[in-house]
Each structure stands twice: as structure tokens, then as C-alpha cells.
Amino acid sequence: MREDAALDAAAETPSASASPLAVLPLAAARTIHLAAQGLLAPPRRKATKADVLDAVRRMAQLQIDTIHVVARSPYLVLFSRIGAYEPQWLDAHLAEGQLFEYWSHEACFVPIEDYGLLRHRMLDPSGMGWKYAAEWHAKYRREIDALLARIRANGPVRSADFARAEGEKGGGWWDWKPEKRHLEVLFATGRLMVSERRNFQRVYDVAERVLPHWNDARDLPPRTDAERTLLLRTCRALGVIRADWAADYYRLPRRPYGDALHALADEGELLPVRVEGWKHDAFVHREFAPLLDEAANGKLSSTVTTLLSPFDPVIWDRKRATALFDFDYVIECYLPAAKRKYGYFVLPILSRGRLVGRIDAKAHRAQQVFEVKALHLESGVRVSGRLVSDLRRALQRCAEWHGTPELRIGTAPDGLAQALLAG
């Protein structure tokens with residue numbers, strides 16, 4: 001159900017807080033969460049371009065990261081949900097104005113209809129921390145304004161359009177040339193938007209050309225309304241929510257959210273529930289209330305087995321992933337090699353409602369080889385015939401989508417590598 005239709009239905013929904021608390025096994029809470037994330041059942045047909053946009057809307061945002069030892073994260077997150085598809089469809093939705101980029105969770109693709117919900121951050125970026133270089137803006141305001149005027153007069157630019165000074169070399173992720181820093185200031189303040197990506201490089205243009213019909217005076221919602229809607233978006237994207245999870249999804253202000261969630265329950269937007277083993281109050285978005293009984297009695301559960309990106313919404317909040325899945329995940333690509341426990345770019349394995357393990361993977365595109373350097377199963381996971389079959393299919397599908405159909409497996413639990421390759 002789309003958000004506008006769901007909101008209309010709420011007017012006829014009695015106050016959830018008046019009903020007895022439903023008691024959910026933890027497995028049922030996971031089922032509701034995976035249903036909300038589009039990971040309840042494998043895709044039953046070939047993906048279309050529209051499925052890409054639908055998946056982003058379901059998650060509410062799609063985090064961007066540039067690492068590409070396998071497919072870059074936003075493309076892999078979509079593959080986990082809709083199966084094999086054309087990655088350029090995501091790029092096309094951005095170029096066609098169905099999506100925009102901004103700092104929502106981190107740098108994310110966001111449905112264009114939610115632009116107004118994040119516009120307040122652009123107009124007052126003072127609370128964005130490192131994402132807005134206020135001192136740089138103050139020091140180089142004249143140059144930044146001149147760059148904005150140039151783009152307005154001459155058209156969109158990429159950071160690559162500006163050469164470094166003679167003899168100057170880049171020295172790392174944040175060692176940006178001045179023009180790149182200027183562009184990012186203008187992006188953070190909403191003066192520039194990303195009009196498209198070329199070879200995954202941002203193309204910046206003035207906001208009035210990218211979004212010509214927007215008018216702050218007419219279209220900007222009050223900030224309190226915007227934050228309430230972002231909280232509702234969070235509840236819907238997660239399916240089941242606790243107050244201590246509420247701020248992370250959109251990087252909302254860090255404050256207690258218990259009263260706000262109870263208020264949404266009183267309005268019929270959420271259903272209070274009790275999840276076995278949790279001391280925290282929990283709530284289910286009303287869109288998923290019809291699933292509760294079947295999820296609670298085990299008649300409904302996820303049948304998906306797939307690999308997840310390190311930047312997938314299911315696992316990007318370490319506290320939430322631990323509470324829901326008893327899965328402690330840390331992105332290790334930013335750690336020195338000697339401090340890594342599992343590997344550089346480790347993909348969690350989701351199988352039938354559980355996070356059962358992780359793989360350190362690399363796609364060797366020139367050799368058409370998908371390498372699983374190491375496969376680790378979680379403690380207590382039993383290597384059954386069904387798990388082997390599910391993993392084999394998931395790994396092979398992922399390898400083929402990467403254009404690296406030859407699967408190679410290095411370190412794995414006893415006999416598992418041979419079993420996975422035997423098919």
C-alpha cells in the first residue's frame with residue numbers, strides 16, 4: 001500500500017492503543033521487518049525498471065557507497081530484493097527526476113516526493129556535522145558563490161572537470177581539491193543538486209534547473225510536520241520499531257522517541273506490541289498489522305536466501321541487527337587489514353528469516369570469476385541440505401548477475417565449499 005492510501009485508511013482505523021497488546025515471538029518481529037524491507041519472498045518474475053523505484057520507495061532511501069569489489073552498494077541492495085535487473089535503471093530514475101540525492105541516513109538516493117522532508121536540512125545545515133563544512137564555506141564564500149554563478153550560466157559540472165594544481169596529488173578519501181569541497185558545500189546547502197551520474201560520478205547542477213517547480217514559500221512543510229513524517233517513514237520502512245531505533249534511519253535529532261511513538265499509536269498509525277525477550281516497547285506499522293497473526297503462529301515467514309550489502313538497511317544499524325537477528329556486524333573495509341576479523345568487504349547471508357553467516361567476496365570481472373575468499377557461518381547454524389541448496393543458488397545468481405559466472409570458494413566450514421560447488 002502506498003503511503004497516501006495508507007494515511008487515508010488511518011482515519012477509519014480505531015485507536016491501536018485501546019486494543020490488547022499482541023505478543024510476538026522474535027521470529028515474527030523479524031518476519032514483519034523483512035516484509036517491510038521487501039525481503040519476505042523471492043521475486044516471482046523478471047524485474048522491471050518500475051521495480052527499482054518501488055524498492056527504493058519501500059525502503060524510503062537507498063544508501064550510496066563507491067566501493068566496488070562487488071557491485072556498488074546501492075545496486076547490490078536492489079539486487080537482494082528484486083533479483084537480476086539492469087543497474088542503469090537506477091541511474092535513469094535519478095536522471096529522470098524520480099529520485100534525488102541528499103544526506104538522509106548517509107548519502108542516499110531518496111524518492112523525489114520526499115524532497116520537502118529533507119529541505120529543512122539544506123536551509124539550515126548547521127546540525128549536519130562534517131557533512132557541511134561551515135568553516136570552509138565561511139572562508140571561501142566568494143569562490144563558492146562564483147562557482148555557483150558559473151554553473152548557473154554555463155551548465156552542470158563534475159568534480160573531474162576541475163584539475164588539481166600542478167604538482168598536487170590526491171592523498172585519500174577526504175583529500176579533496178578545493179572545487180570538490182566547494183561543490184559539496186553547495187550540495188549540502190541545497191543550492192546544487194545531483195542531476196545525474198556518469199560512470200557513478202556526480203553531475204552537479206543548480207537546484208532550480210533540476211527541480212524547477214519547487215517553491216519554498218509554497219511547498220515547504222513545517223519542520224515539525226516534516227520530522228513527524230520522517231518518523232512515520234522510518235516506522236513503515238522497518239515494519240517493527242522501538243524508540244531506541246527511531247533516530248538512526250534518517251539521522252533524526254537524538255532524543256527520546258517513546259512518547260512520539262505512543263502518540264502515533266494513539267492516532268492509529270502504529271500498533272503497540274510486545275516482542276518476547278525485549279524490555280523495550282515495540283510498535284508495528286499499521287500497514288503490516290494484517291500479517292501479525294500468521295507471523296506470530298509461524299504460518300508466514302521469509303523464504304528469501306540472498307547476500308546483503310554492508311550498507312543494507314537491514315544491517316546498517318548494529319544495535320537493531322543485534323536485537324532482531326542476534327547478528328553482530330561491523331563494516332571492516334575501513335579498518336587496517338590486521339584488525340579485520342572477517343575480511344575487507346563482507347556480505348551478510350540472509351536465509352529464510354535469519355542472518356546465518358557472512359562471506360568475504362570479490363568479483364574478478366576481467367576473469368569472469370566470483371571469488372568467495374572466506375565463508376563464515378554463525379554459531380549454531382546447522383549445515384543442512386536445504387541450507388546448502390539455498391546458498392548455492394544465491395551465490396550462483398549473484399555471481400551471474402555480476403557477469404562473473406565462475407564461482408570459486410576459499411575458506412569455508414568443513415566440506416561446505418565442496419558441497420556448494422558440487423551442484
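**Stop 1: helices α2 and α15**

Select residues 26-36, helix α2, together with residues 318-325, helix α15. In this predicted model, the two helices pack at an angle of about 130 degrees, and their axes are 9 Å apart. An angle of that value makes α2 and α15 oblique to each other. Show side chains next. From α2, the residues in the contact are Leu26, Ala29, Arg30, His33 and Leu34; from α15, they are Arg320, Ala323, Leu324 and Phe325. Coloured by class, the contact of α2 with α15 has six nonpolar residues, one polar and two charged.

**Stop 2: the whole chain**

Zoom out and show the chain as a cartoon. It contains 17 helices and 14 strands. Its radius of gyration is 23 Å, close to the 22 Å that the globule rule gives for 423 residues, so the chain is as compact as a globular protein of that length. Along the principal axes, the C-alpha atoms fill a box of roughly 65 × 60 × 40 Å.

Of the 423 residues, 52% count as buried. Among contacts between residues at least 6 apart in sequence, 66% join residues at least 24 apart.

**Stop 3: helix α4**

Hide the surface and select residues 73-82, helix α4. How many of the ten residues of this helix are buried? Ten of the ten are, so α4 is largely enclosed by the rest of the structure. The buried set includes Ser73, Ser80 and Arg81, as well as Pro74, Tyr75 and Leu76. Just after the helix, Gly83 takes a positive phi of about 80 degrees.

Now pick Val77, which is in α4. Val77 counts as buried because its relative accessibility is 1%, and buried means under 20%. Which residues does Val77 contact, leaving aside neighbours within four places in sequence? They are Met59, Leu62, Ser309, Phe311, Asp312 and Pro313. Draw a distance from Val77 to Pro313: the pair is 236 residues apart in sequence, and their C-alpha atoms are 8.6 Å apart.

**Stop 4: helix α5**

Move to residues 88-95, helix α5, where Leu90, Ala92, His93 and Leu94 are buried. The elements that cover these buried residues include helices α3 (49-59) and α4, along with strands β2 (62-63), β3 (99-103), β4 (107-111) and β5.

**Stop 5: Met193 in strand β5**

Strand β5 covers residues 192-198 and holds Met193. Met193 is buried, with a relative accessible area of 4%. Show everything that Met193 touches beyond four places in sequence: Phe100, Tyr115, Val203, Tyr204, Asp205, Ala207, Val210 and Leu211. For a sense of scale, draw a line from Met193 to Phe79. These residues are 114 apart along the chain, with 26 Å between their C-alpha atoms.

**Stop 6: helices α8 and α9**

Select residues 141-154, helix α8, and residues 178-188, helix α9. The axes are 10 Å apart, and the packing angle is about 80 degrees; α8 and α9 are therefore roughly perpendicular to each other. On the α8 side, the contact is made by Glu143, Ile144, Leu147, Leu148 and Ile151. On the α9 side, Glu179, His182, Leu183, Val185 and Leu186 take part. By class, seven of the residues in the contact of α8 with α9 are nonpolar, one is polar and two are charged.

**Stop 7**

Most residues other than glycine have a negative phi.

- With 32% relative accessibility, Arg251 counts as partly exposed.
- Gln368: look in the loop between β12 (354-364) and β13 (369-377). Here phi is positive, about 60 degrees, although Gln368 is not a glycine. Gln368 also counts as partly exposed, at 45% relative accessibility.

Definitions and conventions. Residues numbered from 1 in each chain as written. Predicted model: local features only at pLDDT ≥ 70, side-chain atom pairs only at ≥ 80, totals over all residues. Heavy atoms only, no water. Axes fitted to C-alpha atoms, helices over the stretch in contact; angles between N-to-C directions. Helix = DSSP H or I, 4+ residues; strand = E, 2+ residues; numbered from the N terminus. Parallel < 35°, antiparallel > 145°, perpendicular 65-115°, else oblique. Contact = heavy atoms within 4.5 Å. Nonpolar A, V, L, I, M, F, W, Y, C, P; charged D, E, K, R; others polar. Rg over C-alpha atoms; globule rule 2.2 N^0.38 Å. Buried < 20%, exposed > 50% of the residue type's maximum accessible area, 1.4 Å probe, protein only.
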